[in-house]
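Welcome, and please take a look at the model below.

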Amino acid sequence: MTLLTAFARAEAAAAGRAQRIRTVRHVHLSRRPLVVIPLQLAGEACAPLAVMLGDDPDKPRTLTVYEPRDRARRFEFAADLAEVILGHLDGYLPPDDPDVHAGTPTQGAPAQGAPAQGAPTQGAPTPGAPIQGAPALEPLPDAPQLLVPNPNAAAFLRLLGRSTRLRRTDGEHAVRPTVPLLGRWLTHYGERAEVPGSALLLAMTTALAEHWATGQSDLEDANLAALLGWVDPPDGLTGQQAARLAEDPVRCPPAGPVTDPTFDNEVLEGRMAAIRDATEAGDGPALARAQAAMDAALHSQLAPTWDLMWRAHALLAELPEAAHAQRRWKDDRRSFTAQAAWLREGGAPQPRRDSAVAAAKRLARLEREQQRLAVERAHDDSLVMAEYRLTGEAFAGTVVDADLTRLDTDGKKPKLRPWLIVQTTDAVIVEPDAVLANPAFPGQAAKVIEVADASREPGRTLVTLELSGGMGRALTAPPGSTPARGDAVTYTTLRDDFQPAPQFPSREETPWTHGGPPPEYVPTDDDAQEAWS
Amino acid sequence: MTARQPGAGLQTGLDRLRGRALPKNHDARTISALAANPGCARRALMDAAGVDKQRVAAHVGFAAQFGQSRFAIVRGNAFEAQVKENGAAQLLILLRDLLDLDVSEVGYADFNDVGGNSSAELRHLHTRHVLTAPDQPGRTLLDHPLLRLRVGGRHAYLEPDLIALRLDGTFHVIEVKSFAVIDGQADPGKVAAAAIQSAVYVRALRDLVTEAGGDPAAVSHKTILVAPRDFSSQPTAASLDVRRQLGVLDRQLSRIASIETLLARYPGTLTFDLDPDAQGRPRRPAAELAAAIGQVAASYAPECLATCELCFLCRDEAGGTTGALGKPVREDLGGIEYIAQARSLARGQVPAPEQAEIAAQLLRAAQLRAQVLGEAV
Amino acid sequence: MSIAEAAERARHATMSILADLATTEQGVVVDSPPGAGKSTLVVGAATELAKNGERVMIVGQTNEQVDDLIDRLATGSPGTAIGRLSAAAYTPSERVAGHQNVAARSSVADLAEHPVVVATAAKWATVREAERPWPWAIVDEAYQMRSDALLRVARLFDKALFVGDPGQLDPFSTVETERWLGLNWDPMSSAVAVLLTNNGHIPVHTLPVSWRLPASAATVVSEAFYPFTGFAAATEAGDRAMTWNTRPFGKTSFDLALETAATTGWALLELGHRHTLPTDAEAIAACAGLAARLLQRGAVTISERSPDPLPVTADRIAIGVTRTVQTAAVKRALRELGVTNVVADTANRLQGREFDVTIMLHPLSGRRDATAFHLEAGRLCVLASRHRHACIVVARAGIPELLDAHPSAEPVHLGVPVKFPDGWEAHQAFMAHLARHRVCAA
């Protein structure tokens, strides 16, 4: 939260509609995403109740679990869901790889996992991450994008992935091969969603709230219907009126995965009881009627959210895309491609918990991505840069003086170190020796030499900067490689410091400080047997 | 640590505030929720008096939705029953691993078998007697003991779904919950709620032991959480250290005990009575009730939407304040109470001296937004 | 306790540590409360090891800390060849360059003949496996080191001495790290936490005495921030004093605060109750103004360090804040008052440093609500334990009320040991203590 965003919320409250806080869309948006709206049965870890999904706003497909507490039904559901989702994923894989998804992890490879502490962890590199030593994979031209209503729905898909990816396709508790495959893809998408800047799995409330400030609190923004009520109020209603209506679960069923308790108690329980009774009685026609009734009930809870999802998609699509959104989407595509390759090679499923080395590597990767995202967002979007200008970590101004031929003669060889003096009315809190960056000149560093108040003009500050890099190796700068006198410039502390990826020991080299190398994992029946009840 | 006991005058005062309705019974869940917003006078008074906030809110037109799905309730009960069946066989196996316990010698005592229809006081006395009698077997699982806790001058009898383990003179509270522990991790909000509820039981057990002349330290601050493991209905057990939660609870109980000072600020005629008729329908004019509520200041924040039945009423009252936009937003707008005020300052209104900084920032924020949005079409 | 007794206690603890070092298979952890002689221990241990012909690598967390260590090592052990391993772009700071027995290189191969090599953890992580492992490492500020940083350097050594202050700030990250909570190797835990979880047999020693904190502060800091181990001041109330070269003209609140601080070791300059931005101009001005006035009045200190009174120079005064925007505002305020050389920085960057007098802008001053960040005990501990003579806290009224109204909705994670002290409790205790030294701003 920043003052600029806080102010935007105040403006939104008064205006009766949400205010833009971004000038561009920082996430890639697929033209045909797969919208997935899961509903779960209350009271259990991961008991799917129904899901509405599809990539065509006019053709939603609903899968219902008529007896959500029945284990066998859950696996049937998972298989049905796998068909739809894997079918969608299939469309993005090259035609000469028909078995990448349809092929199962080869029967011989055991379903692996990493049980609790002190017990074995999986022996393979992190799926989806570049495999050390292997040639870098060319990312596929496009990748499937999954859209869910909110972060809880994303977490639910992740849990669903966890509950299915370790299942065996043979033996006593065999499931259909598509089930663990679905699990691994859902897990992959769920893990990828944690990476800053990733758009492979998007929660729409998060995506909308990143670009608009409503006149309510961020807690209330977690309700997709209320959030859209502010971003796109219906005619004649203010944002607040629309949001209040949206909070009524009868008018606007919750986007899930948690269902409205009153719906559960007054409608769902009855429908499920009717199905149970008809099944027990062996009454075919009654069963069909009872199932249709449950379908209708769940449809009433899902359909409004379906419409909201596509509305949200359309609203986001209207925004121009940020310059670096494609760089990040390319990484998403790379991750999708790598996971497909991993599955093709019969790689093991993701372990339950990270080993010491895997955890450290992942943390390093997340921090790196966070840094890149922060820099790219500010460079792509003047409203984001404005937040830094307000605190003084960035300033925009004019170059009032420039010595583009200045040389630094300390040291053995003279180096080209031009000086600029920038005049700005922004607050400046940077100190001498700080190194700044100019988005228009990537790769060029600007060291602060001096910050002084402009003597004849109150409210204006003069910043003297020493430039290095991005000017070639000669002792004169090619024209256009640096700002010139009279140019409007922006300088910010946000810099990509281009650190090389840190080195980590291998799994086998996990040091004694962290418990030593984890023992090799030997699969047991417990993992496959793990009840889902 | 025992809270200061309020006098009889307080009890009459709170009864008057509540009106003719019976006080809402506290259980571990509601007691643990008392600390959700310590700065709110409205909530503090209502909770101390045992007012049914849901009915009050509904009568003034701001009914809140705090229902619970029966599926969750059924599942919770089924899981608990499963854990406790066969003399808590499953539980004992878990405890063997968690506490390194030789369970072959652990007995099981169910306090529900008091015999006949006893009052809460009698059941509590029986519990105390059995729990602290010197000739009891060293290792026993104790099911359905009835504990009590002083909350604002009344005894709250804690609903007996608790098990305690007496292990060689030390008591361990065991809390059975039905949210899952997956790969060793569970929803931190739910674990926090379980921890503070366990702390309520620890406090009640300690009070009981003290009343019987024993050492309250005999009740361990390490409690045990039993919950389903991964996606199955098999239980797993985890240890919880509730020292922090005990501190929070004690502070909150102490605040409630000193509610007299707060109550004294209001006229003796103030009441939230609904004046129900024979069928239980409120007769008190809604506007009058609303005015009464309005006399006691609330401390609304959006977090109330998840924890208090009055939330919609207080939110409505807070319309136009920066607080309604959320605590972080209010903090960022450093010291400005009202949205209208923030907007005026951003448009160049001359600020009061103490608002000079935030006014300058707001002015700048407005300028930057206008500049950027003016440039971008 | 007299200084002689304190020295004896410290010596005893150090002997015990060194004895364990001599026999250990893997390592020793030393908890060092503020000013307890951590650097002395590191220098002593390094010298001892080098004398016995053992090669030792020293791991610091920042370049600044590395240079401090080298300065002390080189001074304490002029006969030992010390290597400073650093990035190619690094230019040695003055205090490092001044020592004859210190060589700064960017490759470890060039330091093969140096028995003691010092570098940051980040630099050590880039050293290749090819060289033979060091038999010994000393890891400084091990509680501020993240365990993933330890993971990257542990392969370089066989045995290690880990030293750090458990009461100071925990490692942090800007990304979501909940997925690792409860793991024995949580990369976000401190290096010591992970080390001890996986190697429970490693002994943990505590340095028992603070040489820095005056008697007026040691008990307060020890009880609030070190609830289980605790420590005592090396000096007694009479061993130190702070007086002035000049008398004040009137009784401004600044002067009253300074005098309270000089007499009791603490002062709370309380400004009017208001909710403000972090860059609260009045509070920032008060911090800078107090520093200026302190210098203007010519503070002098008497202590066990010198028989003569020593002036408090600007570089021995620090203003501690919470956020970098506040640092910038304080620096500007100091400049406007014409004051130079007074240190102004956030708690993060003041960790491990020492001053004669500190002025603190209370983390909760002017706030409506407390957040986990602002309540963190380690932050307050750092700000309250940098001084040898006095600590002056600048805060707006209303903090006890804020603490009272704070809802306790803290999440609880399974498998994560509860951390003490609780930030809320520490803040509460500290405010209760400060209330006894309150001076109201006019």
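A residue is called buried if 20 or more other C-beta atoms lie within 10 Å of its own, exposed if 12 or fewer do, and partly exposed in between, with the C-beta atoms placed from the backbone. By that rule B:E80 counts as partly exposed, because it has 17 C-beta neighbours inside 10 Å. This is a predicted model, in which local features need pLDDT of at least 70 and side-chain atom pairs count only at pLDDT 80 or more, while totals for chains, interfaces and linings use all residues. Residues are numbered from 1 along each chain as its sequence is written, and chains are lettered from A and ligands numbered from 1 in the order in which they are written.

**Two residues of chain B**

B:E80 sits in helix α5 (residues 70-99) of chain B; helices (H or I, at least four residues) and strands (E, at least two) are DSSP runs, numbered from the N terminus. B:R284 belongs to the loop between α9 (259-263) and α10 (286-295) of chain B. It is also partly exposed, because 18 C-beta neighbours lie inside 10 Å. Which residues does B:R284 contact, leaving aside its neighbours within four places in sequence? They are B:D273, B:L274, B:D275 and B:L289, where contact means that C-beta atoms, placed from the backbone, lie within 7 Å.

The table gives two pairs, with distances taken from C-alpha to C-alpha.

| Pair | Apart in sequence | Apart in space |
|---|---|---|
| B:E80 and B:P235 | 155 residues | 9.5 Å |
| B:R284 and B:V106 | 178 residues | 56 Å |

**Around strand β7 of chain B**

Strand β7 (residues 222-228) of chain B is mostly covered, with six of its seven residues buried. Three bridges link it in parallel to strand β6 (residues 170-176) of chain B, and two strands pair if DSSP finds at least two bridges between them. Together with helix α7 (residues 188-211) of chain B, β6(B) and β7(B) make a right-handed β-α-β unit: with the strands pointing away from the viewer, the path from the first strand over the helix to the second runs clockwise.

β7(B) is also joined to strand β8 (residues 235-241) of chain B, this time antiparallel and by seven bridges. Here B:K222 stands opposite B:D241 in β8(B). The hairpin of β7(B) and β8(B) has six residues between the strands, and B:D230 takes a positive phi near 50° there.

**The sheet of chain C**

In chain C, six strands form an open sheet with parallel pairing, in the order β16-β15-β17-β18-β12-β19. β16 (343-346) and β19 (438-440) of chain C stand at the edges with a single partner strand each, so one side of each has no neighbour in the sheet. From one strand to the next, the twist averages 20°. Within this chain, strand β12 (residues 266-271) and strand β18 (residues 387-396) run parallel and are joined by six bridges; C:L268 has C:V393 as its bridge partner in β18(C).

**Chain A and the contacts between chains**

Chain A has 14 helices and 15 strands, and 48% of its 533 residues count as buried. Its contact with chain B takes 42 residues from chain A and 45 residues from chain B. The largest share of chain A's side, nine residues, comes from α1(A). Elsewhere, 24 residues of chain C are in contact with 29 residues of chain B.

Terms used. Contact = placed C-beta atoms within 7 Å. Axes fitted to C-alpha atoms, helices over the stretch in contact; angles between N-to-C directions.
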